Structures are given as structure tokens and as C-alpha cells.
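Please report on the domains, the sheet and the ligand shell of this protein. Keep it brief, and give the cut-offs behind each term.

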Amino acid sequence: MTKKYKFDFDLFESFQDMCFVVSVSGEILSLNKVVYNILKVTPGNLIGQSFFDIVEPSFITKTKLAFTNCIEESKSDNIYTKFKAGGKVFDVNLLYAPYSFNEKNANQKDCFIIAKDITDQRLKEIELMRFYYVAQNTVNPVQITDLQGKMVYVNPAFVESSGYSKEELIGKNPSVFSSGKHSKKFWSKMWNTIISGKVWVGEVENKRKNNEPFYTQLLISPILDHEGRVTGFFGIHRDLSEKKLLEKQLIHTQKMESIGTLAAGVAHEVGNPLASISALVQVVQRSTSDEFAKEKLELIKKQVTRISKIIRDLVDFSRPSNYELQLTDINQNIAEAVEIVKVGAKAKDILFDLDLSEKIPLLPLISDQIQQIFVNILLNAVDAIAELEDKYKINRITIKSEINEDYVIIIFSDTGKGISDENLSKVFEPFYTTKKEGKGTGLGLWVSYGIVKSFQGDIKVTSTMKKGTTFTITLPIQP
Ligand SMILES: Nc1ncnc2c1ncn2[C@@H]1O[C@H](COP(=O)(O)OP(=O)(O)OP(=O)(O)O)[C@@H](O)[C@H]1O
Ligand SMILES: [Mg+2]
């Protein structure tokens, strides 16, 4: 390395990347100080050595091949490789440039190599890649927005939960996913928090593309650059649907329980005086010869009987375990309930379609109570069919019994008038009825609910307006 090279070595030293001049045979003819600084090799040590000695062994073949190509075809080339020096490995980008440095022999081909150390950059890339994989594969919906609040990234979980495609979301505001149920103040508070560089956490109700609600806990964090300036926002959702559902069920159960307790109290308090009234009415009726009084007393008796029936229902709900359990044949019970209901005038045009599984074991239940449930559900179905005004309607009640793992499932479907979504949750509430005064007390399903629950079972309803309703009862085989 001396004057024989045309190259101005001061310029060589001004490069910030490692620079080498390498002969055709791969011998290092010259290099700049940066090489020593980065590779931490004693100055002078590398001159005369093979350039490929500092290449990490598994990259030698690739690096040599590109080198030979460069010399032979006199073309520069760019490749990624690794250096190894002093036990450390470096990620480097090599730029090969063919050049003749020998003044005396213009045909002598050497190679000028610039090696850019990209170890730190690579580490950052790997780190970014790691986060990218986390974001892509987490079950939590993630969104990243720019300063204007437009989405620049959404992960697959976000796509899945929202029901929108990635293309439909990128460039939009996350409000496409919003239910519109939260106040302006709610969002402006959020916005003020994140704009000031702080993290915001809240529970939100979102809306999927198909309008279904989707409850999540949302965390939004600003993304800051090196200078601490906000450059965008990162939002991550935690699915709360299951929690919400459980909460709703719990509230419902608690409500039913408290009503039950109340009902038991009322039944007790009202039942006794009612019994005295009933007895007194009978006494007076027998001892009077006044026709007018007799007639009115008869009316009183009728009303008292009606109240007594309600009281009995209340008691049934709150005290089902007073009876003895007996092994009960569910299918036989269904068949008997159908026979009872069929007798009614409204049922005469209705087809009862029974599909009962033979495999259902006897269950330890209170037979009368189970039958009471079935009769009530069937009577409701008959009423619902009668109330549907449709010339072309099909009058059918389908009853199916089956086994599903540890449960017996009984499904009652009718082709009646149906129940609207908003009334669906009310049907199990006491005194909820849509029937004419004197026709229904609105206790049938409430009592049914109480009885089924007392056997650790469940009763659910689904319905479509003007199409029909399905009640599904689940009873554990081993309660
Ligand atoms: N199969 C059904 N189709 C449509 N609506 C129904 C059906 N079953 C129940 N309902 C609705 O639920 C209400 C409550 O039913 P529930 O059996 O508790 O009381 P009811 O039938 O009105 O009175 P009760 O049974 O005490 O004589 C009904 O009035 C009706 O509006
Ligand atoms: Mg009823």
C-alpha cells in the first residue's frame, strides 16, 4: 500500500463506512481506519490478509461468488453478508466496485469495497419484526392511527372482530367500529388524554359491520418519536363480550331470585286471609236465602278461586322442593301434556309433531311440576298460533327431546305470532302477559323458570316475529 495507487487516501479516510481495496486473489491491499474502529482489530493486522478471513464462515461462499462476478464482469454489486472479528459478528452491506488502482498496470483488476455496518439497524429490524408478529398474531384487536386519527394499521384480530376487511379500514377513522353509544364528552376526554401524551383506558361498546355489539376494554397509547413528539396512536382492545353476557345473566338470575323471595312472602301473607275469606263466603252463602246476595257471593267465590290459583303459582315458583323427587319419564310426560292441550278448542287445527329420543333416561324430578311446565309452554304455543293473523299460516307445534352429553334437551317450536326482541327477556318475568284481561296471569313461564332452575336446569327462548317461537329446556341427567 503506497504511492502505486491512484486513489487519494485522505478521501478514503473521510468515509464513515469501512473501506477496503482488495486484489483479484482476495488479498487486502488497503483499508481505512474505520475498519479498525468497528472491528476492533489492531491497526496494520489486516493488510496482506485475505479479505474473506473476516467474513463469517457461513457467508464466505456467497461473498466470494459476488466478488468474482464483480471482477470478471467489471460490474458493481451490492450484497448482504456478515463479518466476524474478535469473536463478534457484524451485519454488513457490501458494495463491490471494480477498479484499477495500479498506475503502472492498468490491466490489474482490484476491487474497491465499501462495507456498511448495519448491525444496530438489523437489531432494530428484528425488534420491530418481533412486535409485528405479536401484533399480527394476538387475539386482541389492535389498531394504529396517524395524527389525524386515520388508521394506518389493523391486525387480523381487528379485522375479524369488526367484520370489515383491512382495505375497508385503512385510511378510515376507528369510529367506523364505534357504536355511537358513547357521548361526545366521553371521546373528547379520551382525545385530550392521548394528545397530551398519556395513556387512556376505558370500556367501550363497539359495533361490528353487521351491527352486532362488541364490548371491549380499549387502551389507547400515543406513539412518541425520539424527541417525545406524538406521531400517532396505538389502540388495543380486550374482548369483554363473555363478561358482559355473564353479567347480564347474573343480573337476570338475581332479579328472578329476589322476585321469588318476595313472592313467597306475599303468597304466605295473602294466602291465609284469603283462605278465611273463602271459608266465610261459603258459610254466608249457606246461611242466606237472599238470591241477590247468593249470586254476588258466587262471584266473590270465583274471584277468590282465581286469586288462589295465582297464589298457588307463586308458591310453586318459590318452593318446588317440598315434593318428593321421583324417577320421571320425560317423553311420557310430554305425550301426556300434548294430550291435555289437544283437548282445547283452539288446538283442533294444530298439528303436533313429536320427535322423542328413545335414549332418554328416567330423571329424578317432580313429575307434576314438569308436566305443568310442558302444558304451559304448549298452551302458550297454541295461543300464539291462534293470535297470528296470516291466511296462509301453517299451524304446527314441534316437540323434540334429545340427549346432549350430560343433558336432556327438550325443544318446543311453534309457528305462532312470535315475540319481539325487546319483549323476549320479559316473558319470564311474573305478571308479564299480552293476553286479554282474565285470560292470562303472566305467571306460566315465570313458574316454569323457577321449576327448571330448581332442578339445576335452564330454559331459553328464541323467536322471530310472525314466524314462531322456540323454547329450549335443558335438564341435567345427574343434577
Ligand atoms: N310461544 C309463544 N309465542 C308468542 N308469545 C309467547 C309464547 N309464549 C309466551 N309468550 C308471551 O309471553 C307471555 C307470558 O307467558 P306466560 O306463560 O308467562 O303467561 P300467560 O300465558 O300470559 O299467562 P298464564 O300462563 O299465567 O296463564 C305471554 O302472554 C305471551 O305474550
Ligand atoms: Mg302461559
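How many residues of domain 3 are in contact with residues of domain 4? The contact involves 9 residues of domain 3 and 10 residues of domain 4. Two residues are in contact if their C-beta atoms, placed from the backbone, lie within 7 Å.

This is a predicted model, in which local features need pLDDT of at least 70, side-chain atom pairs count only at pLDDT 80 or more, and totals for chains, interfaces and linings use all residues. Residues are numbered from 1 along each chain as its sequence is written, while chains are lettered from A and ligands numbered from 1 in the order in which they are written.

**Domains**

The bounds below come from an automatic or database domain assignment.

| Domain | Residues |
|---|---|
| domain 1 | 9–119 |
| domain 2 | 138–239 |
| domain 3 | 245–318 |
| domain 4 | 323–476 |

The centres of domain 3 and domain 4, taken over C-alpha atoms, are separated by 24 Å. On the side of domain 3 that touches domain 4, helix H8 (241–287) and helix H9 (291–318) are the elements that give two or more residues. H9 gives the most, with 5 residues. By class, that side of domain 3 has 5 nonpolar, 2 polar and 2 charged residues. Ala, Val, Leu, Ile, Met, Phe, Trp, Tyr, Cys and Pro count as nonpolar, Asp, Glu, Lys and Arg as charged, and the others, Gly among them, as polar.

Helices (H or I, at least four residues) and strands (E, at least two) are DSSP runs, numbered from the N terminus.

**The sheet**

An open sheet is formed by 5 strands, in the order S2-S1-S5-S4-S3, with antiparallel pairing. Strands pair if DSSP finds at least two bridges between them. Strand S2 (28–31) and strand S3 (77–85) each have a single partner strand, so one side of each is left without a neighbour in the sheet. Neighbouring strands are turned by 30° against each other on average, direction ignored. Axes are lines fitted to C-alpha atoms, for helices over the stretch in contact, and angles run from 0 to 180 degrees between N-to-C directions.

Strand S4 (residues 88–99) is joined to strand S5 (residues 110–117) by 8 bridges. Tyr99 has Asp110 in S5 as its bridge partner. Helix H3 (residues 60–73) packs on the sheet and touches S3, S4 and S5. The direction of H3 makes about 135° with that of S3.

**Ligand 1**

Ligand 1 is surrounded by 22 residues (C-beta atom, placed from the backbone, within 6 Å). The closest are Asn380, Ala384, Thr433, Gly440 and Gly444. Helix H11 (367–387) and helix H13 (444–454) are the elements that give two or more residues to the shell. H11 gives the most, with 4 residues. The shell has 8 nonpolar, 11 polar and 3 charged residues.
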